[in-house]
Structure formats: C-alpha cells, structure tokens
Amino acid sequence: PPDEATPLTSLAHGGQRRSAGDRLLHLYFRQWLVDEGLFLDLRPGRLSYHDRVLYFEPSGLWIRLRPEFREGMLALYRSFYSDDEDAFEAALRQMGMLRPGLSSAAEEELKGLLHDHFGVEQGAQRFSIDAFKESFDRLFEFFIEHDYTLHSDFVFVGFYLITLYLALE
C-alpha cells in the first residue's frame with residue numbers, strides 16, 4: 001500500500017468507512033470464486049484504505065476448500081440474496097446441511113437459523129460481531145442438538161467470517 005494509506009482501524013470519515021466496507025465485502029465474495037483457495041485472515045490490521053482503494057496484506061493463512069463445499073457456499077449466497085427458497089434448500093442439501101432423516105420441523109428450524117444468520121444487520125451498513133456470534137452460537141447449538149458431524153471446512157469458514165465481521169465492525 002502507498003504511504004498515504006490509512007489503516008482500516010483509523011478511518012474516521014463515515015463515507016470512507018462505508019466505501020472501505022463495500023470493498024471488503026467485494027473481496028470476501030470474490031474470494032469464494034477462486035478455486036485455488038482463499039485467504040482467511042481479514043482482520044482489520046491486514047487492511048488499509050486510500051483514494052477509494054482497499055489494500056489487503058494477507059497473512060499466510062489460506063485454505064483450499066473442498067470444491068463441493070465452496071460451490072455449495074456460492075450457491076447458498078446466490079440463493080439467499082436472490083431470495084430463491086428452492087435454490088437455498090438445494091444448496092443446503094448439496095453441502096450436507098439438510099441431510100436425509102432430518103425432520104421437517106428441524107429442516108425449517110435450520111433454514112430459519114440460516115436466514116437469521118445471513119440476514120444479521122443486512123443492508124444496515126453497520127456490523128456487530130456480537131450479533132454475529134450470537135447467531136453463530138445458535139447455529140452450532142442446532143448442529144450439536146441434531147448430532148451433526150461437520151467437516152473442517154465449516155470451522156475455517158467460521159474463522160473467515162469472524163475476521164470479516166471484526167473488520168466490518
């Protein structure tokens with residue numbers, strides 16, 4: 001980054017903060033398109049901003065997710081933001097989150113939890129790590145209650161999301 005770049009944590013102007021946040025979200029979603037892997041550490045200390053450009057200095061923390069999981073996440077995001085409930089359900093099945101034998105009530109509960117999770121402060125241009133954590137905790141309580149075995153990809157994505165929310169907050 002240029003010497004004039006301001007650390008993300010030091011941005012004071014509301015317009016700059018919103019612009020940097022928009023660019024960070026762009027980075028977050030674009031990384032899902034890269035089959036070779038994604039950088040997981042989006043903590044604010046790795047980011048700076050200058051002249052409407054977000055600078056990212058990645059750490060060595062990256063992962064290549066299983067293709068079916070990464071593609072399932074892409075399908076999940078697309079279906080959620082396009083409000084396509086059938087595609088949302090298909091993406092959940094593709095990722096193994098709506099598994100055979102799960103009761104209809106449990107399926108509806110999970111879909112509701114995920115809708116709540118993805119919709120946390122959506123569009124508010126203000127993100128809260130506490131609200132995200134609360135939503136994430138409810139999801140994991142559901143997984144424990146229903147005896148899910150989650151692949152490690154879920155853990156890495158959880159870390160990725162936490163660092164995103166820390167930077168957005």
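Student: Which residue stands opposite Tyr49 of E3?

Tutor: Thr6 does. A word on the source first: this is a predicted model, where local features need pLDDT of at least 70, side-chain atom pairs count only at pLDDT 80 or more, and totals for chains, interfaces and linings use all residues. Residues are numbered from 1 along each chain as its sequence is written, and side-chain values use heavy atoms, with hydrogens and water left out.

Student: How do I read the strand names and pairings?

Tutor: Helices (H or I, at least four residues) and strands (E, at least two) are DSSP runs, numbered from the N terminus. Two strands pair if DSSP finds at least two bridges between them. Here three strands form an open sheet in the order E1-E3-E4, with antiparallel pairing. Strand E1 (6-7) and strand E4 (53-56) each have a single partner strand and stand at the edges, so one side of each lacks a neighbour in the sheet.

Student: How many bridges join E1 to E3, and how many join E3 to E4?

Tutor: E1 and E3 (residues 47-50) are joined by two bridges, with Pro7 partnered by Ser48. Four bridges link E3 to E4. Among the residue pairs there, Leu47 has Phe56 as its bridge partner, and Tyr49 stands opposite Leu54. E3 and E4 form a hairpin with two residues between them, and Asp51 in the turn has a positive phi of about 50°.

Student: How is the packing of H4 against H5 described?

Tutor: Axes are lines fitted to C-alpha atoms, for helices over the stretch in contact, and angles run from 0 to 180 degrees between N-to-C directions. Angles under 35 degrees count as roughly parallel, over 145 as roughly antiparallel, 65 to 115 as roughly perpendicular and the rest as oblique. Helix H4 (residues 104-118) and helix H5 (residues 129-145) have axes 9 Å apart and pack at about 160°, and are therefore roughly antiparallel. Their contact (heavy atoms within 4.5 Å) includes Leu110, Leu113 and Leu114 of H4 and Phe132, Phe136 and Phe143 of H5.

Student: And where does H3 meet H4?

Tutor: The axes of helix H3 (residues 85-94) and H4 come within 12 Å and cross at roughly 105°, which means that H3 is roughly perpendicular to H4. Phe88 and Leu92 of H3 are among the contact residues, as are Leu114 and Phe118 of H4.

Student: How many aromatic pairs does a search of the whole structure find?

Tutor: Rings of Phe, Tyr and Trp (its six-membered ring) pair if their centres lie within 6.5 Å; planes under 30 degrees apart count as stacked, over 60 as edge-to-face and the rest as tilted. The search finds 20 pairs. In one of them, Tyr77 and Tyr81, the ring centres are 6.2 Å apart and the planes are at 15°, so the pair is stacked. Both tyrosines lie in helix H2 (residues 67-81), four residues apart, about one turn of the helix.
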